[in-house]
Amino acid sequence: MATEPKTSFEVGGMGHSVKRKEDPRFIRGQGNYVDDIQLPGMLHMDIVRSPYAHAKILKIDSSKALKVPGVLAVITGETLAQYKLHWMPTLMSDTQMVLPTDRVMYQAQEVAAVIATDRYTAADGVAAVEVEYEPLPVVTDPFEAMKPGAPVLRTDKEGKKDNHIWHWEAGDRAKTDAASKASDVVVREKIYIPRIHVASIETCGCVADFHPGTGKLTVYMTTQAPHAIRTVFALVAGHVGLSEEKIRIVSPDIGGGFGGKVPVYPGYVIAVAASVVIGKPVKWVEDRMENLQADSFARDYHMEAELAATKDGTMTALKIKTVADHGYADAAANPSKYPAGLFSICTGSYDIPDAFCEVDGVYTNKPPGGVAYRCSFRVTEAAHAIERMVDILAQELKMDPAELRMKNFIPPEKFPYHSALGWEYDSGNYPAALKMAMEMIDYAGLRGEQAEKRKKGELMGIGISSFTEIVGAGPSKHFDILGIKMFDSCELRIHPTGKAMARFGTKSQGQGHETTYAQIIAEELGIPAAHVEVDEGDTDTAPYGLGTYASRSTPTAGAAGAMAARKVRDKARKIAAYLLEVAEEDLVWEPGKFSVKGAPQKSKTIQDIAFAAYTNHPPGMEAGLEAVNYYDPPNLTFPFGSYICVVDIDRGTGEVKIRRFVAIDDCGNIINPMIVDGQIHGGLSMGMAPALMEEITYDENGNNQAGSFMDYLVPTSMETPNWETGKTITPSPHHPFGAKGVGESATVGAPPAIANAVVDALSHLGVKHIDIPITPEKVWNILKAKGVAE
Ligand code: CDP
């Protein structure tokens, strides 16, 4: 299904697969990333990190490091404490050390920083810093952390007597328990989604440039949310004279963010402090191992789910209890009212009358975080839980999982749908997406093939995931980060020659905003997308916005772009009426021009009008043609999809091979079909990764077992199958051009489709559930236990 574009391909409005405007510079190696930035006199920083997961710091001896030629300074917690900069708030209103004064709380924690004339000298300086530690008991298991008598980790918090961070719940516990009790069938399962890492191609870093003459601080940094970071810097460092108008954050090109570039990392703050004190630019760029070992992780959710139904498979109640391991600090960067993110979307695509979910956050000796890795704040966890539980229920009822889904989908006529956990789903047509996926993959044929293969002892599985996402945070009445409301913005200027400059409060990290935002303006004004320059990421020029994560750019800033363009069009209409000497009501708009009703030969193009706005505007009207919109969405958008995965399992090695994967997505009206497909392809690969390969584990001493790409397995093109994609289109009724976000759908939808396929391949052997990542070793052990390993 595709909507017919309203504009010509040359104009390139919505629905055209316009080639990405940013790609010529990227594919020629002409991008401008943080590490490309070179400033006169720039110094370099490297960080001393803790080998221990929990230890007292007895002594930091910098004397040898300071003797390394080229080393200029060693910064410790004591140095920062002089300026009260050794602690900082996390974006979840928790607190986190910038540099420690007495204790380290996780392996690879920043202990000190060395400033030198070049990167290699800084590393030599790091090697020469001598730190004496006294190891303390380590707690890596959140269940152990919650036991009475467990060492209390956050002794910095006065009166804290345990490792519990918060409790959060949604829904009606008593009603759900009663409904569950009254049901014919109840299935229960413990589902763990392990700690993983976004592992973006570009690691984190910054160049902090404080100019002693002007008092202005410019920080080029890998951040997905430059405006929010500017405000946080002003709030944290206001007392040392850094006031907000003197701070400029620039996010240049970013090589992948996926939620990992939302938090503020200690390295940024130390580099800023060093630049302010020394008066020279300071560059800090992590290496790969620092990135994997110390930056915010994702997931680490221990869930216990219970799904109830009648005998005929009508779902009646859902209950999920979760323990969220946040490591040493809650640095999740969720909206403040939602400590467990949007986990309460866990009723998914199903019309479940009663539901209850609860989450408890817990401290352990691991790096802090809980970031929304390519999902809208814990939606991946929620979708995995419900989609696995639906398959477990199907298995229990001996029902086909597609049939069970069809039976329980929220019917299209029930939208807007109010879920038992409090959300108002804007629009959806779940049966259509699943039907399309089943037809595309020949579901009935596959089930026949599977039965034949089983007779021969071959292991083949078919897995479905019919997920619902919740993106576009968010309506300001509910959504804020550290109190800053989650609107987004666009400032649009039309130049005299009819070309445009559009600035946004978001920041692309590879999603193609320079192209799709230009297409939105092209759609609304008829100015060719090629002539709309898009600018994001510089707080001195872009309007204030909350940034890009959680697939929020299209639902919020994209909407702001359309609204600003409509304001421009309103003014353009007045100018056209003046030029054509008719009343405004006598004009009709088609993309790119106003013409007189009944006399289409009398018209003015948007280019004519733009020129007039600066040369011949109506008396009494302000000159110029520009508008600003701060868009506060009335609701979130609820994209969805149905994925079907076919796997074959090797009985000799336990290896899972994805033979086919069909992904039907619905993100409402599409701006650029090619870009959306690119988002889906990337998202599917990033969904396959934790399903089959990725996991960060720790030993009992808190040593990271997957701190480099030797152990942390990311998929290459060799493991990635050919993704087959398709679309249904169910516009969002409240979004200005009917779009929903899409960037994260595939990462949310893919893991349960793959896990369901593997379990399906083994279900006749009595296998009910396997936690991801489903590694060959895990599968082979099951095959061995069931006596079918070859
Ligand atoms: O916030 P983020 O950019 O990561 O996510 P998004 O809003 O889902 O957009 C990802 C990319 O897909 C952007 O370039 C969007 O403009 C594009 N997109 C689209 O072309 N049509 C949609 N309905 C949704 C997104």
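Select helix α8, residues 266-278. Helix α8 lies across β1, β3, β7, β11, β12 (216-221) and β14. Its direction runs at about 25° to that of β11. Helices (H or I, at least four residues) and strands (E, at least two) are DSSP runs, numbered from the N terminus. Axes are lines fitted to C-alpha atoms, for helices over the stretch in contact, and angles run from 0 to 180 degrees between N-to-C directions.

A note on what you are viewing: this is a predicted model, where local features need pLDDT of at least 70, side-chain atom pairs count only at pLDDT 80 or more, and totals for chains, interfaces and linings use all residues. Residues are numbered from 1 along each chain as its sequence is written, and side-chain values use heavy atoms, with hydrogens and water left out.

**The sheet**

Now show the strands. Seven of them form an open sheet with mixed pairing, in the order β3-β7-β1-β14-β11-β12-β13. Two strands pair if DSSP finds at least two bridges between them. Go to the edges: β3 (71-76) and β13 (247-250) each have a single partner strand, so one side of each has no neighbour in the sheet. On average, neighbouring strands here are turned by 20° against each other, direction ignored.

Next, select β11 (residues 205-211) and β14 (residues 282-285). They pair in the antiparallel sense over four bridges. Find G205: it stands opposite V285 in β14.

**The salt bridges**

Side chains of opposite charge can pair when their charged atoms come close. A salt bridge is a side-chain nitrogen of Lys or Arg within 4 Å of a carboxyl oxygen of Asp or Glu. The whole structure has 52 of them.

Select D177 and K319. Their closest N and O atoms are 2.7 Å apart. D177 sits in helix α6 (residues 173-181) and K319 in strand β16 (residues 315-325), 142 residues apart.

Move on to E189 and K768. Their salt bridge spans 3.7 Å, N to O. E189 lies in strand β10 (residues 185-196), while K768 is in the loop between α18 (745-762) and α19 (776-785), 579 residues apart. Is E189 buried or exposed? E189 counts as buried, at 18% relative accessibility. Buried means under 20% relative accessible area, exposed over 50%, partly exposed in between (1.4 Å probe, protein chains only). K768 is partly exposed, at 34%.

Last stop: D94, R154, D156 and K157. Salt bridges that share partners join these residues into one network.

Key
Contact means heavy atoms within 4.5 Å.
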